[in-house]
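Dear colleague,

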Amino acid sequence: MNQDIYLNFSEILNATDCEAEWVLSLIEESVIIVDGEPQNATYSGAQLTLLRRAQRIRRDFDASAPATALILELLDELEALRRKNQ
């Protein structure tokens, strides 16, 4: 049974306290993958978590969208390496 949540664009902005431009820039950087127009897309709980993580990176490091995308990619690689070495 799938118990994931689904949010529309307005709801994802409210849930993450992100500006629309920031979310659109993360979509352009392929941090968030959506089908169709971002304003008409449906966002999952996993995407909500990823947006919140990106928002924290932006806030803590004053990172641009490309820098945030790179940091997220490096963190994912680090987590994968840690799992592999356990």
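**Helix packing and overall make-up**

The crossing of α3 and α4 is right-handed, a term used when the near helix is turned clockwise from the far one by less than a right angle. This is a predicted model, in which local features need pLDDT of at least 70 and side-chain atom pairs count only at pLDDT 80 or more, while totals for chains, interfaces and linings use all residues. Residues are numbered from 1 along each chain as its sequence is written, and side-chain values use heavy atoms, with hydrogens and water left out.

Helix α3 and helix α4 (residues 65-84) pack at an angle of about 115°, their axes lying 10 Å apart. Axes are lines fitted to C-alpha atoms, for helices over the stretch in contact, and angles run from 0 to 180 degrees between N-to-C directions. The angle therefore makes α3 roughly perpendicular to α4 (65 to 115 degrees). On the α3 side, Leu 50, Arg 53, Ala 54, Ile 57 and Arg 58 meet Thr 68, Ile 71, Leu 72, Leu 75, Asp 76 and Glu 79 of α4, where contact means heavy atoms within 4.5 Å. By class, this contact of α3 with α4 has six nonpolar, one polar and four charged residues. Here Ala, Val, Leu, Ile, Met, Phe, Trp, Tyr, Cys and Pro count as nonpolar, Asp, Glu, Lys and Arg as charged, and the others, Gly among them, as polar.

Helix α1 (residues 9-16) packs with α3 (residues 45-61) at about 45°, again with axes 10 Å apart. Ile 12, Ala 15 and Thr 16 of α1 make the contact with Leu 48, Leu 51, Arg 52 and Gln 55 of α3. Its residues divide into four nonpolar, two polar and one charged. The crossing of α1 and α3 is right-handed.

In helix α2 (residues 20-28), the buried residues are Trp 22, Val 23, Ser 25, Leu 26 and Ile 27 (buried: under 20% relative accessible area, 1.4 Å probe, protein chains only). They pack against α1, β2 (43-44), α3 and α4. Just after α2, Ser 30 takes a positive phi of about 65°.

Overall, the protein chain has four helices and two strands (DSSP runs: H or I of at least four residues, and E of at least two). Their order from the N terminus is β-α-α-β-α-α. Buried residues make up 35% of the 86 residues.

With kind regards

Conventions:
Angles under 35 degrees count as roughly parallel, over 145 as roughly antiparallel, 65 to 115 as roughly perpendicular and the rest as oblique. Buried means under 20% relative accessible area, exposed over 50%, partly exposed in between (1.4 Å probe, protein chains only).
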